[in-house]
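Student: I would like to learn how to read this structure feature by feature. Where do we begin?

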Amino acid sequence: MSIKLEKVVQKFYESLDEGKMMGRKCSACGNVEFPPVYACNKCGNYETEWYEISGKAKVHSIVLPAALSSKPEYKKLGKYAYGEVELEEGTRLNAVIRGISKKNRAELTAKLPVDCHASIFEREGGFKTVVFDLDE
Amino acid sequence: MSALGKYSRSVSIIGVGCTPFMYTVDNPETDGLTEGEMFGYAALTAMEDAGVNPRDVDFYFHGQASPLNGSNYLTPNVQIANWFGMKGKGSIHHSEACCTGYLAIEQAVNAVASGKYNCVLTGAVEFGDSTPSPADNIETPKHPYKRDKMTMDKFLRTTSWLYDRTYTRSLMAGQELIYDDAAEWYVRTRGITAEQMNDTINWMCINNRRNASVNPLAIERKTYEELAKEQGMTLDEYMNSPFNPRMGDFLRAGGVELKCDGAAACIVCATEEIGRIAKNLKHKPIEVLAIGSAACEATTPHFEVRATEEAVRQAYEATGLTGDDLDLFYANDFIITSHLISAEIAGYLPYGEGWKYICEGRTAWDGDKPINTNGGRTSFGHAHAASGLADMYEACRQMWGECGEHQVKKLPKTTMLRGYGGAQNVAAVLIRTLDK
């Protein structure tokens, strides 16, 4: 029995404090789960192993924040959007992408997917999270 | 990817009940109504509609999205069975938030198809507009029947409970994409403009309201045409004015749910046992053909689209039906874009053309492709857990030809209800009227 009762969430956040963005890689098919969880959602393998993501990624969709979809805390993000992000490792997730505004939205949308990279962002409440920044 | 097996025996809906959807606290006649009274009314009217006695009902399923916040209960099913003659009978409570009422059908059908029970009640109640008084916090002792309005601020704080605490809330995107992701996806994949999407969203609101205007159970019945006239505006001017402000990247205020209070219920029976159990049967039974289901946590890109595609695929593969077989369609459209994208994914509206059908009014109750004939979540109202069963109430009554002023033109035989909610569960419920 190699399945471990392991504090994956705590290690994810503690790794961000150390400047590392950690996912979990499937030992059977190589799929990367990000954010990290126990099992592989691609092949169903029970086990995954810690894996530091490169941070390279692409943006596939752009939704701008508005009255219903923003919070006062998010002002710290500067100009940003929400969207589908694909990591270099192939994992796709909904994420915040900084550097997008009404001004460049149309130009970027015409060029999708566009390159971005992961960054560590400090949130209110004493923890850090992952956002993405446009490469250009 | 799951494949649905065939039910062990045929199961049918034989009776339905529903309260008006309302703001109970705002009206002296309804202020003070309790969970037992609301659910009890829906349950007893469903039993009367089915022609069964409470003693004929073996078990009941109770749905409520947020019983601790809305009713100060942990086990709401236990507290109210005696209100509708089922004291001592077994029951279970379940919550899938806004998808509860659709998966309530799933729970009931599985229980009967398995052979464990012959006849069950499945119902739901929600006080979406108020909480037990005092509404300060969940720990203080509550008044036996008085309720206080639930502020939008409190509602939005409690809806954060729908999202994964460990990652999704922290990453900030999943919970915010609920408002506009489907609109962005449709614009990008179908190649329409943002202006065309704006018109489509407005027309979904207009059509929903037209449907609600002729439905006595709906919470908001004044049409947008009337509202525009009152302001001396054209319909187009009104829909794009500060009276219908932009709230999202695409979404306007009229495309957001009207959260409210309500209850609804259905009687579900083994088809082979209907003659023995329902001695006063009033309608043709409506068979539940299949229920596809899928759930995507909100960090999943395009969670609504992906889960709807999977649930619909399951239901069609199990039955051999396609969108061409559907006569009527319901979508839980608390964010109104759901209405467009789920009808297209289900093949009820043609790929890339659905927005045109909507803008031409063809999806209103008197059109050739009716959707949400009761008014949907933006005009019928959204009593969260109860909404799916309210849609089933409306669907059955349309299929029985009992909708009077808003009866669709062609008597529907086959209907799909696309449930959605709880960040995010999806169900695709396929029902068809039995010939005898």
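Tutor: Begin with one pair of residues. A:Lys25 stands opposite A:Val32 in S2(A). Helices (H or I, at least four residues) and strands (E, at least two) are DSSP runs, numbered from the N terminus. This is a predicted model, where local features need pLDDT of at least 70 and side-chain atom pairs count only at pLDDT 80 or more, while totals for chains, interfaces and linings use all residues. Residues are numbered from 1 along each chain as its sequence is written, and chains are lettered from A and ligands numbered from 1 in the order in which they are written.

Student: How many bridges link strand S1 of chain A to S2(A)?

Tutor: The general idea comes before the count. Strands of a sheet pair through backbone hydrogen bonds, either parallel or antiparallel. Two strands pair if DSSP finds at least two bridges between them. Strand S1 (residues 22-26) of chain A and S2(A) have 2 bridges and pair in the antiparallel sense. The open sheet has 3 strands in the order S2-S1-S3 (chain A), with antiparallel pairing. Its edge strands are S2 (32-33) and S3 (48-52) of chain A, each pairing on one side only.

Student: Which domains make up chain A?

Tutor: Domain bounds come from an automatic or database domain assignment. That assignment divides chain A into domain 1 (8-52) and domain 2 (56-134). The C-alpha centres of domain 1 and domain 2 of chain A lie 21 Å apart. Their contact takes 9 residues from domain 1 of chain A and 10 residues from domain 2 of chain A. Here two residues are in contact if their C-beta atoms, placed from the backbone, lie within 7 Å. On the domain 1 side, helix H1 (8-17) and S2 of chain A are the elements that give two or more residues. H1(A) gives the largest share of that side, 3 residues.

Student: How many residues of chain A are in contact with chain B?

Tutor: The general idea is this. The size of an interface is often given as the accessible area lost when the parts come together. Here we count residues. 22 residues of chain A are in contact with 24 residues of chain B. Strands S5 (80-87), S6 (92-98) and S8 (127-134) of chain A are the elements that give two or more residues to the chain A side. S6(A) gives the most, 5 residues. By class, that side has 15 nonpolar, 4 polar and 3 charged residues. Ala, Val, Leu, Ile, Met, Phe, Trp, Tyr, Cys and Pro count as nonpolar, Asp, Glu, Lys and Arg as charged, and the others, Gly among them, as polar.

Student: Why is strand S4 of chain B described as largely enclosed?

Tutor: Count its buried residues. 9 of the 9 residues of S4(B) (residues 119-127) are buried, so this strand is largely enclosed by the rest of the structure. B:Cys119, B:Leu121, B:Gly123, B:Val125 and B:Phe127 lie on one side, with B:Val120, B:Thr122, B:Ala124 and B:Glu126 on the other, all buried. Strand S2 (residues 59-63) of chain B runs parallel to S4(B), joined by 5 bridges. B:Gly63 stands opposite B:Ala124 in S4(B). S4(B) and strand S7 (residues 261-270) of chain B pair in the antiparallel sense over 9 bridges.

Student: Which residues have the most contacts inside the largest nonpolar core?

Tutor: A nonpolar core is a set of buried Ala, Val, Leu, Ile, Met, Phe, Trp, Tyr and Cys residues joined through C-beta atoms within 7 Å. The largest one has 169 residues, and B:Val120 and B:Ile267 have the most contacts inside it. Helix H4 (residues 100-113) of chain B gives the largest share of this core, 9 residues. Beyond four places in sequence, the contacts of B:Ile267 include B:Ile14, B:Ala46, B:Cys119 and B:Leu121.

Key:
A residue is buried if 20 or more other C-beta atoms lie within 10 Å of its own, exposed if 12 or fewer, and partly exposed in between; C-beta atoms are placed from the backbone.
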